[in-house]
There are 2 protein chains.
Amino acid sequence: MLPDDAKLISVDDHLIEHPHVWTDRLPKADQDAGPRIVETAEGDQLWSFEGEIRPQVIFGAVAGTDPREWSREPVRYEDMRAGFYEPKARLDDMDLSGTFAQLCFPSFPGFAGTKFLQAKDKDLSLRCVVAYNDFILDEWCASAPGRLLPMSLLPLWDIELAVSELDRVAAKGNKAISFVENPAPLGLPSFHTDHWDPLMSRLEETGIPLCLHFGTSGFKHTMTSDAPHPVEVALTGTNSMFTLVDILFSPLLHRHPKLKIVLSEGGIGWIPYILERIDYAWAHHKFHANVDQDVVPSDLFRRNVWGCFIDDATGLALRDRIGVDRLLWESDYPHADTSWPNCRDRAGELFAEVPDDETRRIVQDNARLVFAL
Amino acid sequence: MLPDDAKLISVDDHLIEHPHVWTDRLPKADQDAGPRIVETAEGDQLWSFEGEIRPQVIFGAVAGTDPREWSREPVRYEDMRAGFYEPKARLDDMDLSGTFAQLCFPSFPGFAGTKFLQAKDKDLSLRCVVAYNDFILDEWCASAPGRLLPMSLLPLWDIELAVSELDRVAAKGNKAISFVENPAPLGLPSFHTDHWDPLMSRLEETGIPLCLHFGTSGFKHTMTSDAPHPVEVALTGTNSMFTLVDILFSPLLHRHPKLKIVLSEGGIGWIPYILERIDYAWAHHKFHANVDQDVVPSDLFRRNVWGCFIDDATGLALRDRIGVDRLLWESDYPHADTSWPNCRDRAGELFAEVPDDETRRIVQDNARLVFAL
């Protein structure tokens, strides 16, 4: 059992955009090309964007269902739980499983808005990013301030526009930015360049963290094209390992000592291993590499980075090696990894051996500090 | 300090082939195209094979040197320690650092012989594989039976030839096969096919383990082309995570219950995390995937797989979660990760908190069982 006064704050959940998120906000001229739901002859509801038909998320709307029933078929809104796409119903579902507050990633835009990065018309894309941010700030989260926590997207393709949009959403009370785990596989400048400096400096000044959700770089997890689906499921956390290693050997946290990096859905059981390995690689190979020569990389982790987990008994057992202050809890509703509607009960089992004061920090206090709640 | 009676058996070291390994053994007609050392105008000694000039290994000949002095420049034999390429000198170096026995991977052929897989003339390639195996069995290891332990290569491109060569080297006392960590990225059938069944069945019958050295699939570890070298060094162990996940979700260990899989140089600190994650992915996603529906994947690990480490304090602290019987120690001489000439002293530090009986199993007894020494 969790201590009664521990309020669960989840830093990684997902919302499915209702059909009018963009049509409610885009100007008339964008209505056809912008994201909108179309009904197909087969009776499916799919997203249309720039004239292309795109599916809803796969296995992205399964909370509370039996894994035996999961399917790759598109789901119609009326066949989903309302909590997947309506904020009032979401609150009811949070109450049902004992979650006090949550931070939601988008679905149609990709967790970090990469669909808009990859779109042809970047002017339209910018208006789509702004529309999503207005939706999350003014509609979804405004319905339950303090319980539904706003996370915004940025126009990733233009650093000046990104800084402007950050400033705009910060002024409206935004609490987090969903950013790509690694820009390089998407054709953007890597964390080893100075391209991102203006944005990172503004993030330091505003105190707003970057949430890097695994999978947002598009990097593939498997070596084998005929591997069954569970291979990819089991390996997605390695993307966050790649992200952490890449960032700790980059200039990012040296140039931006107050930047906050959250490794969303990456798991935590691997962190002690990779920190040991990173420090070892640094000590042995730093002399001939363009890396900082003085600061032990794991010290940067302990200053700037937070690990996140849904269900990771190994990581909780290793919490002293990671740092109890580095850990954030996630519910992942309505995706396949969630234990909803049993989030609080499952957390009680997972934290059974953890002292109450540490439990409170991991499920609630750390999130309040990182996201300035 | 290690217990005095614990004899260190390293299951992962490397030899650099002397210049005549192949010219001593190939027929006259192969002398020009087969692997041989050429002297360049710049004064370098490089390998020539099928008319192409190829470098020696990078950072592959550094044991006992200061990391500040490491360089990517080619090294001449007379500028290396003799122990890198001469078995008698190797024994002296093993005595110097307190290693009793070791298993060596090749250098020029690639750790699993993939240079011969990728060669144009596969008849020549077969003779090159046979020549390497005769070298390791009749020359390198014959000079110190029981201390230099023979590991052979296979002609990966032809399953019938591979079985024949396995039978040939098994009859000569071979103790291990170096195989690719994943065949798929090399254009070979994956572990999800039945292609490898005849070989795996013969391995079960002979009791000879497959050593899957990280990196042998050629799979790249980084997302970022401009990442500094330590990024790749820190991430190489993730290849073994990929390998383990791929194999545990394949039919391999269900069809071949006696097969022994050794994850060479993969590290061990990540194993509890990934086993938990594998079982979770299996429980949630098995119903719609072509995977075994009954056996919990981590049970296969505990029956068929061994983890290997050079210097992994996290993994040793987690030994009860992995299984003390699953762990094998490595020295990695003469590569960058070795602590030579201080292998025994460094192992003493690393095992300081481990009870003597468990230490003996990890540094010596497990290897005797796995490799039938």
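**Before you click**

This is a predicted model, so keep the thresholds in mind: local features need pLDDT of at least 70, side-chain atom pairs count only at pLDDT 80 or more, and totals for chains, interfaces and linings use all residues. Residues are numbered from 1 along each chain as its sequence is written, chains are lettered from A and ligands numbered from 1 in the order in which they are written, and side-chain values use heavy atoms, with hydrogens and water left out.

**Stop 1: the two copies**

Show chain A and chain B together. Chain B can be laid on chain A with an RMSD of 0.0 Å, using a turn of 180 degrees and a shift of 0.0 Å along the axis (a least-squares superposition on the C-alpha atoms of residues with pLDDT of at least 70 in both). The two copies are thus related as by a two-fold rotation axis. To find that axis, select W270(B): of the residues of chain B, its C-alpha comes closest, at 2.6 Å. The same surface serves both copies, as 100% of the contact residues of chain B recur in chain A.

**Stop 2: the interface**

Now select the residues in contact across the chains (heavy atoms within 4.5 Å).

Next, look at the polar side of things. There are 22 residue pairs in polar contact between chain B and chain A, both at pLDDT 80 or more. A polar contact is a pair of N or O atoms within 3.5 Å; within protein, one must be able to donate a hydrogen and the other to accept it, and residues adjacent in sequence count only if both atoms are side-chain atoms.

Zoom in on R277(B) and D337(A), whose side chains meet in a salt bridge at 3.1 Å, N to O.

**Stop 3: helix α1 of chain B**

Select residues 87-97 of chain B. Buried in this helix are P87(B), A89(B), R90(B), L91(B), D93(B), M94(B) and S97(B); buried means under 20% relative accessible area, exposed over 50%, and partly exposed in between (1.4 Å probe, protein chains only). The buried residues pack against β1 (8-14), β5 (99-105), α3 (122-140), β6 (148-149) and α12 (343-350) of chain B. Just after the helix, G98(B) takes a positive phi of about 80 degrees.

Stay here for D93(B), whose side chain meets that of R81(B) in a salt bridge at 2.6 Å, N to O. D93(B) lies in α1 and R81(B) in the loop between β4 (52-54) and α1, so the pair ties together parts that are twelve residues apart in sequence. D93(B) is buried at 4% relative accessible area, while R81(B) is partly exposed at 36%.

**Stop 4: charges in chain A**

Over all chains, the salt bridge count comes to 46. Then select D134(A), D138(A), E165(A), R168(A) and K172(A), which are linked in a network of salt bridges.

**Stop 5**

Which is T359(B), buried or exposed? T359(B) sits in helix α13 (residues 356-370) of chain B and is buried, with a relative accessible area of 1%. Leaving aside neighbours within four places in sequence, T359(B) is in contact with L2(B), P3(B), F351(B) and V354(B).

Finish at D345(A), in helix α12 (residues 343-350) of chain A, which is exposed at 54%.

Terms used. Salt bridge = Lys/Arg side-chain N within 4 Å of Asp/Glu carboxyl O. Helix = DSSP H or I, 4+ residues; strand = E, 2+ residues; numbered from the N terminus.
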